Amino acid sequence: MALKMADQEQALHTPMEWAQRKDRVLLTIVLEDCKKPNIEITDTGLHFKGKGGTENKLHEAKIEFFKEIDSKESKYAVLPRHISLILKKKDATEEHFWPRLLKEKTKVHWLKTDFNKWKDEDDSDYEGGGEGGAGDMDLESMMQNMGGMGGMGGMDAGGDMENDKESSDSDDEDLPDLE
């Protein structure tokens with residue numbers, strides 16, 4: 001019994017970041033070099049346990065979601081610096097955003113909002129779907145986009161520098177000589 005208590009005391013809570021869309025929750029477990037994590041996704045929660053980080057320490061997290069998800073349609077990918085999860089909301093037909101990720105209405109230090117992936121309900125580019133929008137993004141396309149910087153979406157390789165030379169703005173005007 002003392003050995004079990006020692007293991008539980010050593011387990012650190014895993015830092016997490018989350019964002020959402022109308023039909024899914026994007027959850028990132030921020031833990032480097034986690035080789036063989038134990039991830040259990042249920043309709044009401046998530047249990048994670050794994051060794052990783054710079055000191056290869058045991059990390060664990062058990063959370064209960066605000067509402068139910070479809071655990072069979074949810075996916076995850078273990079990457080070198082983190083673990084990405086896409087959790088499909090069970091009531092996706094309602095098309096509403098959750099006010100928070102956790103069932104309990106408490107602030108926890110290990111959970112942060114991922115503003116890089118966040119979309120508000122009233123964001124116009126959410127509705128776009130295809131190009132530029134994230135409406136039909138799936139795990140495979142998300143993983144392809146995560147590998148390095150690549151190209152920036154919507155920009156030509158050379159940018160639009162040639163057209164910029166022809167246009168003028170107020171900074172390009174000749175200044176009078178100083179006396």
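## Exercises on a predicted model

The largest nonpolar core has 24 residues, and those with the most contacts inside it are M16, L27, L46, I63, L85 and L101. Such a core is a set of buried Ala, Val, Leu, Ile, Met, Phe, Trp, Tyr and Cys residues joined through side-chain atoms within 4.5 Å. Buried means under 20% relative accessible area, exposed over 50%, partly exposed in between (1.4 Å probe, protein chains only).

The model is predicted: local features need pLDDT of at least 70, side-chain atom pairs count only at pLDDT 80 or more, and totals for chains, interfaces and linings use all residues. Residues are numbered from 1 along each chain as its sequence is written, and side-chain values use heavy atoms, with hydrogens and water left out.

**Exercise 1.** Work out the strand order of the open sheet of 4 strands, and identify its edges.

*Solution.* Two strands pair if DSSP finds at least two bridges between them. The order is β1-β6-β5-β4, with mixed pairing. β1 (12–13) and β4 stand at the edges with a single partner strand each, so one side of each has no neighbour in the sheet.

Now follow the pairs. β4 and β5 run antiparallel, joined by 4 bridges. They form a hairpin with 3 residues between them. I41 stands opposite L46 in β5.

β5 and β6 also run antiparallel, joined by 8 bridges. H47 has K62 in β6 as its bridge partner; G45 has E64. Their hairpin has 4 residues between the strands, and G53 takes a positive phi near 90° there.

Finish with burial. β5 is largely enclosed by the rest of the structure, because 6 of its 8 residues are buried.

**Exercise 2.** Describe the surroundings of K51 and H82.

*Solution.* K51 is in strand β5. Leaving out residues up to four places away in sequence, K51 touches D33, C34, K35, N56, K57 and L58.

H82 lies in the loop between β7 (69–78) and β8. Its relative accessible area is 18%, so H82 is buried. The side chain of H82 makes a polar contact with the side chain of S84 (3.2 Å). A polar contact is a pair of N or O atoms within 3.5 Å; within protein, one must be able to donate a hydrogen and the other to accept it, and residues adjacent in sequence count only if both atoms are side-chain atoms.

Key:
Helix = DSSP H or I, 4+ residues; strand = E, 2+ residues; numbered from the N terminus. Contact = heavy atoms within 4.5 Å.
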